[in-house]
Amino acid sequence: MTAPPVPPVALTLEVGAGRLGGSNGRYEKFLPDLAGLYRDADAYQRALEADDGRPVYWVESSHTEGGPGGLITGISVLEPGTVGEEYVMTRGHLHAIADRSELYVGLAGRGVMILDTPSGDSQVVEINPGQAVYVPGGWVHRSVNVGTERMSTLFCYAADAGQDYSIIERAGGMASLVVTDGDGWAVRRNQDHLGYSTGRA
Ligand code: MN
């Protein structure tokens with residue numbers, strides 16, 4: 001017997017508040033959680049000393065069906081700022097089931113996504129309100145707030161995808177850095193990047 005369908009889920013995009021009404025999951029990342037994320041360790045230390053204790057970014061998400069046919073929908077919200085030359089960004093990840101894809105839709109602020117493949121491709125794609133980015137399976141991905149206001153996106157991905165958050169740390173960071181450049185942003189090669197090892201040694 002097939003289980004009956006679950007009820008529909010209605011969600012409210014509270015963009016100004018950075019909330020997803022009707023969601024049932026939330027996590028926050030604070031600056032002390034983000035050790036090793038930024039290339040400039042001295043700038044990170046200085047930022048910690050000046051930290052006001054508020055979250056740097058958070059995610060609110062709706063989890064309904066956990067199987068391969070289900071979708072997780074959520075919003076990710078990043079405060080503006082820089083650590084050294086790098087803008088505030090998420091830890092980033094590769095899906096634990098690497099072929100799972102994801103759709104991001106820009107809701108507010110000015111953002112970019114950094115996308116790398118383990119085989120060496122690296123791309124940076126703008127995601128502003130009215131723009132969407134389809135992240136195919138196999139791409140390591142991270143959001144970056146390159147503006148002066150809060151930046152938020154709506155995301156949706158397969159409920160069984162999972163996340164490998166350590167892959168970027170093991171690689172010495174993603175292949176591309178998004179850094180301040182006058183009034184805007186620029187992409188720079190990350191000299192610390194070692195390439196990705198997807199297998200556990
Ligand atoms: Mn993802």
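Strand β9 (residues 111-116) pairs with β12 in the antiparallel sense over 6 bridges, where strands are DSSP runs (E, at least two residues) numbered from the N terminus and two strands count as paired if DSSP finds at least two bridges between them. Within this pairing, Asp116 stands opposite Val140 in β12. The model is predicted, and its local features need pLDDT of at least 70, side-chain atom pairs count only at pLDDT 80 or more, and totals for chains, interfaces and linings use all residues. Residues are numbered from 1 along each chain as its sequence is written, and side-chain values use heavy atoms, with hydrogens and water left out.

**Strands and sheets**

Strands of a sheet pair through backbone hydrogen bonds, either parallel or antiparallel. Here, an open sheet of 3 strands has the order β10-β9-β12, with antiparallel pairing. Because β10 (122-127) and β12 (140-145) stand at the edges, each with a single partner strand, one side of each is left without a neighbour in the sheet. On average, neighbouring strands of this sheet are turned by 20 degrees against each other, direction ignored; the axes are lines fitted to C-alpha atoms, and angles run from 0 to 180 degrees between N-to-C directions.

Strand β13 (residues 151-158) has 6 of its 8 residues buried, so it is largely enclosed by the rest of the structure. Buried means under 20% relative accessible area, exposed over 50%, and partly exposed in between (1.4 Å probe, protein chains only).

| Strand | Bridges to β13 | Residue and its partner in β13 |
|---|---|---|
| β5 (residues 71-78) | 8 bridges | Gly74 and Phe155 |

**The manganese site**

The manganese ion has the protein donors His93 (NE2), His95 (NE2), Glu102 (OE) and His141 (NE2), at 2.0 to 2.3 Å. Donors are N, O and S atoms within 2.8 Å of the metal (3.2 Å for Na, K and Ca); water is not among the atoms, so sites may look incomplete. Along the chain, the donors follow the spacing H-x1-H-x6-E-x38-H. His95 and Glu102 are both buried.

**The cavity**

The structure holds 1 cavity of 30 Å³ or more. A cavity is a set of points, on a 1 Å grid over the protein atoms alone, where a 1.4 Å probe fits but cannot get out; lining residues have an atom within 4 Å of a point. Among the residues lining the largest cavity are Leu37, Arg39, Glu86 and Asn190.

How values were computed: On a 1 Å grid over the protein atoms alone, a cavity is a set of points where a 1.4 Å probe fits but cannot get out, and a pocket is an open set with protein on both sides within 12 Å along at least five of seven lines; lining residues have an atom within 4 Å of a point. Grid points are joined across faces, edges and corners, and a volume is the space filled by probe spheres set on the points. Helices (H or I, at least four residues) and strands (E, at least two) are DSSP runs, numbered from the N terminus.
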